[in-house]
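Please open the structure in your viewer and keep the selection panel at hand. The tour goes from one selection to the next and says what is found at each stop.

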Amino acid sequence: MEDILTTPISQTALAHFEARLQNDEKIEPKDWMPEAYRKTVLRQMMQHAHSEVIGMQPEGNWVLRAPSLRAKKILLAKIQDEGGHGLYLYSAAETLGMDRTEMIQLLHEQKAKYSSIFNYPALTWADIGAIGWLVDGAAIVNQVSLQRTSYGPYARAMVRICKEESFHQRQGYEIMATMMKGTPEQQAMAQDAMNRWWWPSLMMFGPHDADSPHTEQSMEWKIKRESNDRLRQKFIDKTIDQAYVIGLTIPDKDLKFNEETKSYSIGPINWDEFWSVVKGNGPCNKQRMTHHIKYHEEGRWVREALEAFAKKQIEMN
Amino acid sequence: MNVDTQLELWEVFIQKNNGLPFKHEGSVHASDKETALQHARDIYTRRGEGRTIWVVPAKYIASTTADDEAMFFDTTDDKAYRHPTFYVMPEGAKQI
Ligand SMILES: [Fe+2]
Ligand SMILES: [Fe+2]
């Protein structure tokens with residue numbers, strides 16, 4: 001009791017916070033946390049939420065051109081899930097005290113990021129396969145790891161999201177497998193999508209550990225549970241065999257299998273391309289943002305009408 | 001009206017099956033309870049995860065925090081007599 005009375009509150013609170021992390025306890029919205037922890041988790045969740053929502057665009061491009069009613073229904077359900085993921089994450093992020101309006105504003109002002117992968121276009125139907133299989137596949141590896149993140153609402157959102165993601169990856173892989181059993185043109189189309197999406201998918205895990213200055217603190221706070229390179233390697237080892245099963249080639253001439261570690265080593269990643277897309281020079285950066293701003297503005301009257309309706313109901317009661 | 005609105009915040013509780021307790025699942029933004037229920041259904045029950053939903057305006061929820069834990073709950077720590085294992089039963093007594 002004595003030291004609670006004599007030490008400054010923040011000291012005790014900090015020790016308490018660190019002890020809870022040590023015991024693998026979750027931090028909840030109203031618990032005391034260091035300001036830098038709050039900011040880091042908030043930034044990461046906001047970025048994650050924006051990624052889910054912006055990620056609907058490349059796929060939305062194919063809803064009206066899906067090759068069958070079955071394919072169309074599946075794609076619609078998948079895209080609707082992504083919208084849902086965005087909303088789970090926005091609501092989890094809001095528990096840290098930032099309003100959703102502000103998050104969207106930050107996105108529009110390009111002060112908040114989203115995953116760079118969505119700045120690549122979905123050119124053919126095979127791209128829908130490659131996105132589900134590779135992009136969702138990479139996201140799953142990351143999200144499975146984040147189920148153990150230290151911030152409670154984030155961890156819970158990840159559990160829910162992971163349950164839904166496995167269908168996303170399977171539907172994508174099914175598209176690729178179907179095309180690889182098709183005509184030579186369809187096979188070539190699948191391989192072309194593979195060639196364009198493979199490297200950007202690997203970049204989704206972020207820079208190498210040595211070039212990722214914030215990783216250490218994030219791991220200490222258990223926001224991040226595994227490093228970029230470790231997660232990337234997990235994805236590589238899982239996915240390459242899946243590619244071989246359906247007859248796809250990996251577009252990497254330096255690819256080697258290490259018998260001892262039972263693990264693949266890849267050629268160098270083109271980080272210049274990565275940073276250039278992050279900085280806004282990807283094929284679709286402008287288009288993605290213009291589209292989001294346009295529909296956000298066009299939906300404003302709906303939000304205003306709902307609010308007016310709610311006010312009127314209060315007045316009437 | 002210049003300030004954009006995201007409407008009121010509602011916390012969502014879902015009962016998975018008849019007879020089970022309601023569990024907190026997340027939150028939605030909505031202007032009124034009907035739309036809050038519809039949004040909660042669309043966002044949290046796309047795969048039959050529930051059969052009943054509660055929505056509650058977040059502003060009406062009061063909560064304790066981890067920092068209150070000791071002050072709030074410690075008083076029950078020394079009341080072992082509230083548990084059945086506290087009592088010594090005579091040898092041979094059955095079904096008690
Ligand atoms: Fe998602
Ligand atoms: Fe997904």
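How much space lies in the second largest pocket? In this model, which is a predicted one, about 1200 Å³ of space lies in that pocket. To find the place, select A:Arg156 together with B:Glu11, B:His24, B:Glu25 and B:Gly26, which are the closest to the centre of the pocket among the 39 residues that line it. Then widen the selection to the elements that each give two or more residues to this lining, namely helix 5 (69-94) and helix 8 (152-180) of chain A and strand 1 (8-15) and strand 2 (22-30) of chain B. If you colour the lining by element, helix 8 of chain A has the largest share, with seven residues.

Next, show chain A as a cartoon, where the secondary structure comes to 14 helices and two strands. Chain A has a radius of gyration of 22 Å, close to the 20 Å that the globule rule gives for 317 residues, and it is therefore as compact as a globular protein of that length. Taken along the principal axes, the box filled by the C-alpha atoms of chain A is roughly 75 × 65 × 35 Å.

Stay in chain A and select residues 35-54, which form helix 3, and residues 100-108, which form helix 6. Two packed helices are described by the angle between their axes and the distance between the axes. Here the axes come within 11 Å and cross at roughly 70 degrees, and helix 3 and helix 6 of chain A are therefore roughly perpendicular to each other. Showing side chains brings out the residues that make the contact: A:Met46, A:His50 and A:Ile54 from helix 3, and A:Met103, A:Ile104, A:Leu106 and A:Leu107 from helix 6. By class, this contact has six nonpolar residues, one polar residue and no charged residues.

Now turn to chain B, which has two helices and three strands, and follow its elements from the N terminus in the order β-β-α-β-α. Chain B has a radius of gyration of 22 Å, well over the 12 Å that the globule rule gives for 96 residues, so chain B is more spread out than a compact globule. The C-alpha trace of chain B spans about 75 × 35 × 15 Å along its principal axes.

The last stop is the largest cavity, which has a volume of about 30 Å³. Which residues line the largest cavity? Select A:Leu21, A:Asp24, A:Glu25, A:Lys26, A:Arg148, A:Thr149, A:Ser150, A:Lys222 and A:Arg225 to show the lining, which divides into one nonpolar, two polar and six charged residues.

Methods. Residues numbered from 1 in each chain as written. Chains lettered and ligands numbered in written order. Predicted model: local features only at pLDDT ≥ 70, side-chain atom pairs only at ≥ 80, totals over all residues. Heavy atoms only, no water. 1 Å grid on protein atoms, 1.4 Å probe; cavity = no way out; pocket = protein on both sides within 12 Å on 5 of 7 lines; lining within 4 Å. Points joined across faces, edges and corners; volume = space filled by probe spheres on them. Helix = DSSP H or I, 4+ residues; strand = E, 2+ residues; numbered from the N terminus. Axes fitted to C-alpha atoms, helices over the stretch in contact; angles between N-to-C directions. Parallel < 35°, antiparallel > 145°, perpendicular 65-115°, else oblique. Contact = heavy atoms within 4.5 Å. Nonpolar A, V, L, I, M, F, W, Y, C, P; charged D, E, K, R; others polar. Rg over C-alpha atoms; globule rule 2.2 N^0.38 Å.
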